[in-house]
Amino acid sequence: MIKGNSGIRKTDVINRRMFIISAAKIIIFTGIIARLFSLQVNENKKYLTLSDKNRIREWKLPPIRGDIVDYFGNIIAGNLKVYQLHIIPEQVENFNYLLTRLKTLLNLSDKKIEKIVKLKNKLKPWESIIVSENLSWSDFLKINNYLYDLVGVKPVMTISRNYPFSEVYTHILGYVSQPNEEEILANEVVQERFVPGMKIGKLGLEKTLEKHLIGTNAIQRYEVNAYGKRINQLEHQKGKQGLRVRLTVDTEVQKACGKLLNDRAGSISVMDIYTGDIIAMYSSPSYDPNKFLFGISNDDWALIRNNPLKPLVNKTLSGLYSPGSTIKPIVALSALENKIVSPSFKVKCTGKMELYGQTFHCWKEKGHGFVSLKNAMKQSCDTYFYEVARLLGVDRLNVTAEKFGLGKKVLGDYFDFEKSGLFPDTKWKKNNLGKGWVLGETLITGIGQGYTQTTPLQLCLMTAQIANGGYSIKPRIIVDNNPMSLEETKRKLKEETLHAQEKKLFNDPRNIKIVQEAMFSSTNELYGTSYKSRIDDPKYQFAGKTGTAQVKRISMRERELDLKIEQIPYKDRDHALYIAYGPYINPRYALSIIVEHGGSGSRTAAPIAKELFKLIIDRNDLRNKQKNFEEIKI
Amino acid sequence: MFQHDRLNNELTFWQKIKELDYILLISVFLLSILSLFVMYSTDGGEILFHTKSHFSKIIIFFPLMIFIAFFNIKWWHNLSYLFYFAVILLLIYVSFFGIKSSGSRRWMDLYLFNLQPSELMKIAIILCLAKYYHRIKIENVNSITSIMTVVTIILIPIIMVISQPDLGTSILIAASGLIVLWLGGVKIKYFIYSFIVFLISLPFVISFLKPYQKLRILTFLDPDRDPLGAGYQIIQSKIAIGSGGLDGKGFLKGTQSYLDFLPEKHTDFIFTLFSEEFGFIGSVALLILYSIIIIRILRIGAISRSNFSRLFCFGFAFAIFIYIVVNLSMVLGLLPIVGSPLPILSYGGSSMLATMIGFGIVLSAKINHKQIIA
């Protein structure tokens with residue numbers, strides 16, 4: 001009975017307590033459902049995004065670079081199919097066996113094998129190892145023949161930059177190569193589109209036009225699993241090849257420049273005197289940019305870097321030279337413009353000029369006798385120009401020189417290494433050297449020595465602006481969007497001067513004419529310094545001015561010895577310069593030539609111009625016909 | 001007495017069949033079928049190892065449940081202590097000869113599957129304590145001897161399971177035991193006292209935890225602390241559940257699971273997969289199915305004439321509830337990660353065996369609900 005009673009009481013306790021926990025259960029279940037609701041309904045979007053972020057990976061493929069073509073549409077920087085060899089570790093059955101097979105097949109070095117093994121340990125098993133970036137066709141065939149034996153090897157065809165004219169355009173185009181981290185970070189577009197293995201412009205136009213040339217990445221969207229392995233492809237978005245850039249340069253002329261310089265240190269620039277189109281711009285010696293594409297070998301690099309002729313320097317844009325006598329047309333023009341001299345003004349040259357106890361020599365020891373402007377220019381009489389410079393003063397000379405583009409960058413932003421050179425005046429010396437100007441310095445400035453430093457392209461621009469009648473042009477290397485006929489261009493040049501006085505570089509057109517005639521006589525009249533290099537056929541006839549720039553002071557002793565060029569050490573030899581434009585009637589092209597340590601301008605530089613003008617003028621018709629072949633917008 | 005025995009003896013086989021709780025039976029059956037589909041999904045939409053293995057376990061354990069139901073509840077009452085000691089022996093056995101896997105020794109090889117005795121202990125402890133409180137006089141429930149006895153009964157398996165080490169299961173064993181104590185009438189003040197003692201000793205206990213267990217607690221408090229390491233599981237689980245949305249991504253379309261972002265998707269995180277594919281609606285439906293099972297068990301307990309049946313049913317219903325709550329709270333980021341399977345749904349033979357045995361005894365209690373046990 002007691003037990004029964006106890007049993008009932010116990011049942012009551014159990015039931016009561018059961019109800020209490022049941023209530024707790026309901027509360028807890030409600031809590032869990034609330035949590036589910038908040039995750040799955042309220043925060044669904046957030047977690048859905050996170051889930052997609054988990055599972056979708058984008059693979060950017062390297063974009064295809066735009067071609068660079070010359071004026072005639074020849075590809076000068078293009079893309080080439082290259083054959084590569086990849087290993088996909090997870091597909092390899094026996095890695096060591098594969099490596100020994102590849103080693104014998106491709107003659108891989110032990111170092112390379114070591115590198116592959118290191119890469120293999122670093123990468124995920126499904127990430128491919130690039131064994132060779134640029135496999136020769138015969139090696140590619142070999143691999144394909146033995147493919148049955150090389151499990152896990154994948155021959156791949158891909159696209160790489162290629163410079164078909166190898167060294168001809170190196171200094172204009174630069175080259176592409178694998179960038180380092182800094183270089184990636186330096187360019188926003190590169191940063192955005194960079195993919196491992198991609199190459200970017202390191203130098204020249206390849207670098208400055210990077211954002212136009214680079215193209216857009218093709219994008220592959222994959223679903224991946226938690227380990228990053230691709231499961232299936234969701235989408236493929238095609239990339240766009242970079243822009244095709246058409247340059248103003250003419251490959252034939254450019255090639256000829258290289259041939260004429262023949263690996264001597266120097267530079268040749270050729271320019272259209274109305275449009276400012278750069279027809280050629282060659283810096284010598286050059287090197288093959290293709291060598292840099294897949295990483296240059298140490299030997300090749302040493303060869304380029306240690307070459308005393310400095311192939312790495314773009315001499316056209318960053319080589320600084322004293323202009324020597326090639327400055328004389330500007331001195332003459334400045335004197336005429338400032339009404340210091342008239343064409344009939346004469347100076348007696350005795351071979352030297354004394355000033356405050358200092359002697360200034362003319363190149364011709366015996367002297368030229370009484371010379372007028374024209375004769376002084378023709379025979380390049382230094383004494384005449386000493387006197388004219390003295391009368392003119394360096395500050396007025398500086399105004400004219402700067403008008404014609406000396407002391408300023410020519411192409412501006414396109415080449416980041418371009419130098420602006422220097423044309424001095426009294427203020428410059430005071431500010432930079434802290435000393436007053438000395439009259440003697442005016443004299444040597446008048447013959448293009450002293451502080452003056454010019455780039456070959458500046459001299460070319462200067463010549464072009466004398467040749468076109470004294471109008472300011474803007475040199476360019478990329479073809480304009482809206483091509484104009486020659487007449488239109490000329491008219492436009494003149495019209496521009498109505499609105500912008502500074503574009504007219506003269507006060508009296510007769511002065512320009514006088515200088516032009518003087519330059520003509522220098523080339524085409526007896527006793528002219530480049531008379532030997534003249535062309536009599538009016539179709540090719542050109543006018544020019546030689547220059548011989550001293551690289552060191554000539555001592556009295558050396559002057560007496562009057563050594564032949566071969567007897568002087570290379571480093572001490574004069575630079576040979578020549579500026580010219582042609583054809584003399586209806587001129588169209590200007591050029592500047594410099595051969596470093598080439599001796600005298602008339603002997604070394606002027607003959608190059610003779611060869612070149614024939615080619616340039618012969619190609620003029622072709623060039624005119626080519627005008628409207630396509631539009632490229634940059 | 002005689003009357004009661006006679007009543008019992010009167011039940012024929014067909015009567016037993018008739019007396020089975022079909023709502024419970026169908027619910028468990030549905031859950032089993034559902035678990036097969038979910039397992040099929042974890043195998044990536046193919047009938048692979050987990051699906052086959054899970055299927056074979058259902059094929060064996062579901063009939064086993066009905067088989068157990070056909071034994072009189074009295075029989076189970078008599079076997080309760082023996083069952084408890086048998087499981088204790090198994091625990092001792094595995095602690096010496098068990099299969100070691102990922103740092104803990106919990107399993108014994110039974111050829112068909114690896115038995116985890118600690119899972120069986122979840123049922124054994126309820127049985128054992130139900131019998132104890134059935135037999136003890138209500139006046140003696142709060143006596144020192146009685147309290148000491150039940151605490152010992154609970155502590156022995158807990159210590160053994162913790163030392164395997166297996167924190168999750170030992171917590172579930174403790175919870176199952178404590179609930180029977182509660183139902184049996186142990187005074188509230190003892191629960192309060194022990195809770196206070198627990199809180200005070202907590203820092204002490206934490207110092208005894210294994211580094212990875214401490215890490216789990218820290219990770220629970222701040223999952224973003226180490227998103228690719230310790231926090232990875234819970235973050236990925238929340239992403240999976242959250243991205244499921246209202247109606248889910250669809251059967252076999254749970255990207256988190258088939259792309260392997262989900263850890264332990266067969267076992268502890270099975271709900272995550274389910275929830276990702278079937279969404280909020282599916283999850284609530286699953287909870288309703290579980291609730292029906294729990295309510296049915298509670299009802300069987302309520303109509304049982306013997307306190308043993310009543311204690312067991314209530315205790316077991318609560319245990320099921322606790323399993324679900326602990327598992328769900330874990331995958332929802334409400335509790336630290338402790339290994340605890342979801343009944344029937346999770347892959348794992350021992351857990352299913354224990355649950356099916358429990359259901360079997362509940363069904364037996366239903367068939368014999370009029371039975372009075374002396």
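In this predicted model, 2 bridges join strand S2 (residues 104-109) of chain B to strand S3 of chain B, and the two strands run antiparallel. Helices (H or I, at least four residues) and strands (E, at least two) are DSSP runs, numbered from the N terminus, while residues are numbered from 1 along each chain as its sequence is written, and chains are lettered from A and ligands numbered from 1 in the order in which they are written. Because the model is predicted, local features need pLDDT of at least 70 and side-chain atom pairs count only at pLDDT 80 or more, whereas totals for chains, interfaces and linings use all residues. The model scores ipTM 0.89 and pTM 0.68.

**The sheet of chain B**
- Strands S1, S2 and S3 of chain B form, in the order S1-S2-S3, an open sheet with antiparallel pairing, where two strands pair if DSSP finds at least two bridges between them.
- The edge strands are S1 (99-101) and S3 (114-115) of chain B, each of which pairs on one side only.
- Within the sheet, Met108(B) stands opposite Leu115(B), a residue of S3(B).
- Strands of a sheet pair through backbone hydrogen bonds, which may be either parallel or antiparallel.

**Chain B as a whole**
- Among the contacts in chain B with a separation of 6 or more, 71% are between residues 24 or more positions apart, a contact being two residues whose C-beta atoms, placed from the backbone, lie within 7 Å.
- The pLDDT, which is the predictor's confidence in each residue from 0 to 100, averages 88 in chain B, and 95% of the residues score at least 70.
- Over residues 1-7 of chain B, however, the pLDDT is below 50, and this stretch has 3 contacts in the model beyond near neighbours in sequence.
- Where pLDDT is low, the predicted coordinates should not be read in detail.

**Where the two chains meet**
- The contact between the chains takes 36 residues from chain B and 37 residues from chain A.
- On the side of chain B that touches chain A, the elements giving two or more residues are helices H8 (167-184), H11 (232-244), H12 (255-258), H13 (270-303) and H14 (307-331) of chain B, and H14(B) gives the largest share, 9 residues.
- The residues of this side of chain B divide into 20 nonpolar, 12 polar and 4 charged, where Ala, Val, Leu, Ile, Met, Phe, Trp, Tyr, Cys and Pro count as nonpolar, Asp, Glu, Lys and Arg as charged, and the others, Gly among them, as polar.

**An enclosed helix in chain A**
- Helix H16 (residues 382-392) of chain A is largely enclosed by the rest of the structure, because 9 of its 11 residues are buried; among them are Tyr384(A), Phe385(A) and Leu392(A).
- H16(A) is followed by Gly393(A), whose phi is positive, near 90°.

**Backbone details in chain A**
- Most residues other than glycine have a negative phi, and most peptide bonds are trans.
- A cis peptide bond, with omega about -5°, joins Ser284(A) and Pro285(A), and Pro285(A) has its place in the loop between strand S12 (278-284) and helix H12 (298-305) of chain A.
- Tyr356(A) has a positive phi of about 45° although it is not a glycine, and Tyr356(A) is exposed, with 7 other C-beta atoms within 10 Å.

Terms used:
Buried ≥ 20, exposed ≤ 12 C-beta atoms within 10 Å, placed from the backbone.
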